[in-house]
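The sequence and coordinates come first.

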Amino acid sequence: MATPAKPAAADHAVSLQIAGRRHSDWTHYSIDSDLAVPADGWQVALGLPGGVFPPEVEPGAMIQVQVGAETVLMGRVDDISHSVAAGSHQLALSGRDLAGMLLDCSAPLLTAKNMTLRDVLENVVKPLGIARIRVDAKGSRPLEKISVDPGNSAWDVLTRAAQANGLSAWFDPDGTLVVGGPDYSQPAGARLILRRDGQGNNLLSLAETRSHAQRYSELTLLGQGHGQALTPGRHAMKHHSFDSDVCYHKPRIQVEPDAASPAELAARADKMLADSRLAGYTLSATVAGHRDSRGMLWTPGQRIEVESEPHGINGVYFLMARTFEGGRGQGSVTRLTLKEDKCWIPVMRAGKQ
């Protein structure tokens with residue numbers, strides 16, 4: 001029914017560049033990219049039959065991962081494992097993309113009012129060496145008050161500023177920090193097929209998972225807000241939201257201790273229901289190679305047509321995450337995590353800028 005995995009061709013070959021030198025011919029590699037995870041991880045392993053350890057390979061070294069001639073990740077080496085056993089000499093490297101710096105580093109201690117997203121990027125993100133930044137938003141909503149406590153990471157502060165503008169943050173393959181959201185206006189280009197007669201099949205496997213573990217028929221948020229110099233405190237705010245797809249009684253009540261207005265409380269409730277719907281449905285697919293039928297690398301954010309006769313599926317889905325895997329003699333495969341289309345919304349905010 002499915003097409004078997006093929007050995008890595010030139011356009012699927014994975015290489016890693018450190019200090020100007022390119023390394024490849026891995027015994028195993030795994031390159032992640034996930035819109036829901038702050039830092040994308042990577043790991044590679046290779047044999048050292050000659051026993052020569054590359055001197056440029058050091059923890060903290062900048063790396064560039066490529067598939068064929070295209071860059072898929074910029075980051076640093078986190079861990080190095082150098083092991084010797086009878087008949088075996090192995091070197092394993094792993095790390096994360098540049099978001100790892102923002103996760104690991106503390107933000108400068110500050111307390112300020114009306115900080116914009118641009119202010120956070122200039123004062124918190126850029127000092128950590130993140131030079132390439134793109135903001136996909138028309139306006140910027142200032143934070144009413146921001147207070148950075150000891151231990152808060154730069155990623156924590158960036159995420160807070162992005163959420164205030166209804167956005168999320170991630171790194172593009174070329175190392176550019178992007179603050180934006182999904183583009184559901186782009187057409188679905190790639191197509192995944194699993195038919196009983198095998199005609200046109202390009203899926204090695206497809207698993208559908210449906211869950212109500214995090215879904216609720218009714219969500220009630222009880223809110224209150226702290227008073228500021230020019231605004232009084234807000235008390236006894238309440239908002240109800242409903243999920244019509246949960247057809248049995250499964251209510252949840254949650255307290256939101258700091259909500260600016262009933263409209264913001266409603267936006268938070270809608271966001272929580274959207275998140276629960278996102279968690280409640282997953283398509284896990286495996287395909288041969290690292291490129292779709294158009295020759296493009298699989299990249300989170302794509303909209304993909306899926307047709308599966310065994311599952312009764314024929315529609316458009318959103319690529320949330322992908323992992324490139326392979327190695328010497330293993331063939332190259334890509335593992336795809338697909339979600340309902342137009343369901344991932346980084347943050348829903350009250351009102352428009």
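Does R132 count as buried, partly exposed or exposed? R132 has a relative accessibility of 47% and therefore counts as partly exposed, where buried means under 20% relative accessible area, exposed over 50%, and partly exposed in between (1.4 Å probe, protein chains only).

## Basis of the model

The model is predicted: local features need pLDDT of at least 70, side-chain atom pairs count only at pLDDT 80 or more, and totals for chains, interfaces and linings use all residues. Residues are numbered from 1 along each chain as its sequence is written, and side-chain values use heavy atoms, with hydrogens and water left out.

## Overall composition

The protein has four helices and 21 strands. Helices (H or I, at least four residues) and strands (E, at least two) are DSSP runs, numbered from the N terminus. Of its 353 residues, 43% count as buried.

The protein exposes about 17400 Å², and carbon and sulfur atoms supply 51% of that area; accessible areas come from the Shrake-Rupley method with a 1.4 Å probe, and for residues only the protein chains shown count as cover. Contact means heavy atoms within 4.5 Å. Among contacts between residues at least 6 apart in sequence, 67% join residues at least 24 apart.

Helix α2 spans residues 117-125, and its buried residues are L117, V120, L121, V124 and V125. They cover an arc of only 105° around the axis, which puts them on the same side of α2; the arc is that of the directions from the helix axis to the C-beta atoms. The buried residues of α2 pack against α1 (99-104), β9 (133-135), α3 and β12 (177-180).

T116 is in the loop between β8 (111-112) and α2. With 22% relative accessibility, T116 counts as partly exposed. The C-alpha atoms of T116 and N165 are 9.3 Å apart in space, while the two residues are 49 apart in sequence. Leaving aside neighbours within four places in sequence, R132 is in contact with D174, G175, T176 and L177.

## Helix α3 and S153

S153 is placed in the loop between β10 (146-147) and α3 (154-164). S153 is buried because its relative accessible area is 7%. Apart from neighbours within four places in sequence, S153 is in contact with L102, L103, C105, S106 and A107.

In α3, the buried residues are A154, W155, V157, L158, A161, A162 and A164. G166 follows α3 and has a positive phi, near 70°.

## Nonpolar cores

A nonpolar core is a set of buried Ala, Val, Leu, Ile, Met, Phe, Trp, Tyr and Cys residues joined through side-chain atoms within 4.5 Å. The largest one has 39 residues, and those with the most contacts inside it are W42, L192, W298, V306 and L338. Apart from this core lies another, of 25 residues, among them L102, W155, A162 and L177.

## Aromatic rings and charges

A pair of aromatic rings is described by the distance of the centres and the angle of the planes. Rings of Phe, Tyr and Trp (its six-membered ring) pair if their centres lie within 6.5 Å; planes under 30 degrees apart count as stacked, over 60 as edge-to-face and the rest as tilted. By this rule there are four aromatic pairs. The rings of Y281 and Y317 have centres 6.1 Å apart and planes at 15°, so this pair is stacked. Y281 is in strand β18 (residues 281-288) and Y317 in strand β20 (residues 313-326), 36 residues apart, so the pair links distant parts of the chain. Both Y281 and Y317 are buried. Ring pairs also link W170, Y184, F318 and W344 into a cluster.

A charge sits over a ring if NZ of Lys or CZ of Arg is within 6 Å of the ring centre and within 35 degrees of the ring normal. The charged end of K250 sits over the ring of Y216, 5.1 Å from its centre. The charged end of R322 sits over the ring of F324, 3.8 Å from its centre.

## Positive phi outside glycine

A19 is not a glycine, yet has a positive phi of about 50°. A19 lies in the loop between β1 (14-18) and β2 (21-23) and is exposed, with a relative accessible area of 61%. D25, also not a glycine, has a positive phi of about 55°; D25 lies in the loop between β2 and β3 (28-34).
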